[in-house]
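Colleague: Could you take me through this model? I would like to start with one of the aromatic side chains.

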Amino acid sequence: MKKDKLRERVLVELEKLISLSCKNPNGSKKYEELHIALLKKYYNATNVTIDYHRHRIKMEVIEDDSLYDPKTVNTYLPTFYTNLLFNNLCKFLISCVEKDNKSIGFYTQLLNSFKKSNNRLEIA
């Protein structure tokens, strides 16, 4: 029961952060990094770039997850180039949010990094 409440709280806070970041995505480099991190996680992608004006996301998606090993240097992984179009960035990014335990841990780290960076901004 407690885990379910924590999971729900993380998902709600992440959606709030995504909504806030989409109001002015060009306003902060940190928001763009959040968007890229979410896309890399969801699509298992590399070289992600977002063109906010043209509503385009360009990235290279790893073809076979079984070839990826984070413990070794991967000099070559088969990827394919993808050019996605989106109408509403906020809805698109929220649709990329997964609800499994591993993803919740990743989102918790993302939220904590934003909390820390916002505290630094307030102190300075």
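Colleague: Is Phe 114 buried or exposed?

Modeller: Phe 114 is buried, as its relative accessible area is 6%. Buried means under 20% relative accessible area, exposed over 50%, and partly exposed in between, with a 1.4 Å probe and protein chains only. Please note that this is a predicted model: local features need pLDDT of at least 70, side-chain atom pairs count only at pLDDT 80 or more, and totals for chains, interfaces and linings use all residues. Numbering runs from 1 along each chain as its sequence is written, and side-chain values use heavy atoms, without hydrogens and water.

Colleague: Which charged end sits over the ring of Phe 114?

Modeller: That of Lys 30, which lies 5.4 Å from the centre of the Phe 114 ring. The criterion is NZ of Lys or CZ of Arg within 6 Å of the ring centre and within 35 degrees of the ring normal.

Colleague: And how many aromatic pairs are there?

Modeller: Rings of Phe, Tyr and Trp (its six-membered ring) pair if their centres lie within 6.5 Å; planes under 30 degrees apart are stacked, over 60 edge-to-face, and the rest tilted. By this rule there are four aromatic pairs. One of them joins Tyr 31 and Phe 114, which are stacked with 6.1 Å from centre to centre and 10° between the planes.

Colleague: Where do the two partners, Tyr 31 and Phe 114, sit in the chain?

Modeller: In distant parts of it: Tyr 31 belongs to helix H2 (residues 29–43) and Phe 114 to helix H4 (residues 101–123), 83 residues apart. Tyr 31 also counts as buried, because its relative accessibility is 18%.

Colleague: Why is the pair of Phe 86 and Phe 92 called stacked?

Modeller: The ring centres of Phe 86 and Phe 92 are 6.3 Å apart and the planes stand at 20°, so this pair is stacked. Phe 86 and Phe 92 are both buried.

Colleague: Let us step back to the fold. What does the secondary structure come to?

Modeller: The chain has four helices and three strands. Along the sequence they follow the pattern α-α-β-β-β-α-α. Helices (H or I, at least four residues) and strands (E, at least two) are DSSP runs, numbered from the N terminus.

Colleague: What is the order of the strands in the sheet?

Modeller: The order is E1-E2-E3, in an open sheet of three strands with antiparallel pairing. Strands E1 (45–51) and E3 (79–85) form the edges, each pairing on one side only. On average, neighbouring strands of this sheet are turned by 15° against each other, direction ignored. Two strands pair if DSSP finds at least two bridges between them.

Colleague: Which residues does Ser 21 touch?

Modeller: Leaving out residues up to four places away in sequence, Ser 21 touches Tyr 31, Leu 34 and His 35. Ser 21 lies in helix H1 (residues 2–23) and is buried, since its relative accessibility is 0%.

Colleague: Lastly, what share of the whole chain counts as buried?

Modeller: Of its 124 residues, 32% are buried. Among contacts between residues at least 6 apart in sequence, 51% join residues at least 24 apart.

Terms used
Contact = heavy atoms within 4.5 Å. Axes fitted to C-alpha atoms, helices over the stretch in contact; angles between N-to-C directions.
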